[in-house]
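Please open the model in a viewer and keep the selection panel at hand. The stops below proceed from one selection to the next.

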Amino acid sequence: MAVGSAIVALFILFCLGTPVAFALFASSLLYFLIGADQPMVMLIQRLAGGLESISLLAIPFFIMAGVFMNHSGITERLLKLAELMTRRLHGGLAQANVLLSTFMGGLSGSNIADAAMNAKLLVPSMNAAGYPKAFSSAITASSSLITSTIPPGIALIVYGYVNNVSIGRLFLAGVVPGVLMAIAMMGLVAWQCRRRGYQPPRRERVTRHEWISVTRAGIIALLLPVVVIGGIRVGVFTPTEAGAMAVLYALIVGLFVYRQMGLKSVAVATQESLMASVNVLFIIAVASGFARVLTWEQIPQQIALLLSSGVGSAVAFLLIANLLLLVLGMFLEGNAILIVLSPLLAPVAAQFGIDPVHFGIVFILNASIGTVTPPLGTVMFTTCSITGISIGSFIRAIVPYWLLLVALLLVVTFVPAVSLALPNWVF
């Protein structure tokens, strides 16, 4: 009775738009208030215990590194590099939008942060170049999902912590799906722009000096993911220590290489990082308390037994899991799906012999697609609020990209080598 009321309350609060952290806390508190046979102090202990992990330090470190990169001028230099690389393609600015999200995947770590940044930075320029606002917004939102799988995405760190999966392997497993997503989106953008007559290719030659100056500035930024992955692979540092090194690298670039950061901007960036980190870590803390409630009531074991007895194969399980996550993504926030449902489904996937790293990438892709899916997609609302486009116009424009994302999800789901080849080869 108590756990049923808590779960019902959780979904009602989600549907009412209550922030994830407060919905999880309120439902856990309700469980203790209406008849749980556990003392209230256990809830407090689990909230504190949910953050007692060294691996979680990677989250504030990578968030801080991404914020420092934004304040240091890295974003503008990556945009120039993306524009230089796409100027001879149909829809150069739209292509640059996708490419910038791919570059920033290893820097911002968050699809919402990437969507917000590109909506402010690129959409006005695209509108001035003749692109419809709905088209620009749809590309910005859909390309931001690349950030979820390109390391060091925050979703990869959270999934690895919640389900005890190697974060280093998850980082590498997301590279190929992220690159495939970028290539497929650029192909769709080129086809749409050629068909609709948006921004034909530019034919003028680029001087050697321009190539060298723009490329040199961009490569300095792109070295960050190489440093992170390379350091983890050769054993120089753990994922948590890699986050600290990323902060140091970003600080050095901002202060001494580009020289666009001073003490004041460092203080502002630190404050932004603190607020963003607190939001994520608070969600993890209260989710840990709610997960313990489910464990006490043996909900994960019951779900595992139900699925394992009712589903006959790994293929059937993956189809059901994808369908379930895509439907829930229409109503629930991505972090909620990741933190609440992944501990329930991951053990079942293991029973069917599905690699935990592979299932992690599949799960994260599903949760990411939900962020651009009506009625409650967080990236959808973030992009529309910044660009000023109506939800209806946005939905009509994003349909081709949503279908493309679902097709890529099916490829990653049923061709495990797409996500596992690189980590298996490197490790």
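Begin with the second largest pocket: select Y161, V162, N163, A291 and P343, which lie nearest its centre among the 20 residues of its lining. A pocket here is an open set of points on a 1 Å grid over the protein atoms alone, where a 1.4 Å probe fits, with protein on both sides within 12 Å along at least five of seven lines; lining residues have an atom within 4 Å of a point. This is a predicted model: local features need pLDDT of at least 70 and side-chain atom pairs count only at pLDDT 80 or more, while totals for chains, interfaces and linings use all residues. Residues are numbered from 1 along each chain as its sequence is written, and side-chain values use heavy atoms, with hydrogens and water left out.

The space in the second largest pocket is about 390 Å³, a volume being the space filled by probe spheres set on grid points that are joined across faces, edges and corners. Next, colour the helices α10 (154-163), α15 (263-296), α18 and α19 (356-370), each of which supplies at least two residues of this lining. Helices are DSSP runs (H or I, at least four residues) numbered from the N terminus. Which helix gives the most to the lining? It is α15, with six residues. By class, the lining holds 15 nonpolar, three polar and two charged residues; Ala, Val, Leu, Ile, Met, Phe, Trp, Tyr, Cys and Pro count as nonpolar, Asp, Glu, Lys and Arg as charged, and the others, Gly among them, as polar.

Now select I59, F62, Y159, F317, F359 and F363, the residues with the most contacts inside the largest nonpolar core, which has 135 residues. Such a core is a set of buried Ala, Val, Leu, Ile, Met, Phe, Trp, Tyr and Cys residues joined through side-chain atoms within 4.5 Å. Buried means under 20% relative accessible area (1.4 Å probe, protein chains only). Helix α18 (residues 334-351) gives the most to this core, with eleven residues.

Move to A96 in helix α6 (residues 92-105). A96 is buried, at a relative accessible area of 0%. Beyond its neighbours within four places in sequence, A96 is in contact with A82, E83, T86 and L122, contact meaning heavy atoms within 4.5 Å.

Finally, select the sulfur atoms of C193 and C384. The count of disulfides (cysteine sulfur atoms within 2.5 Å) is zero. For C193, the nearest cysteine sulfur is that of C384, 19 Å away. C193 is buried at 1% relative accessibility, and C384 is buried at 6%.

How values were computed:
Buried means under 20% relative accessible area, exposed over 50%, partly exposed in between (1.4 Å probe, protein chains only).
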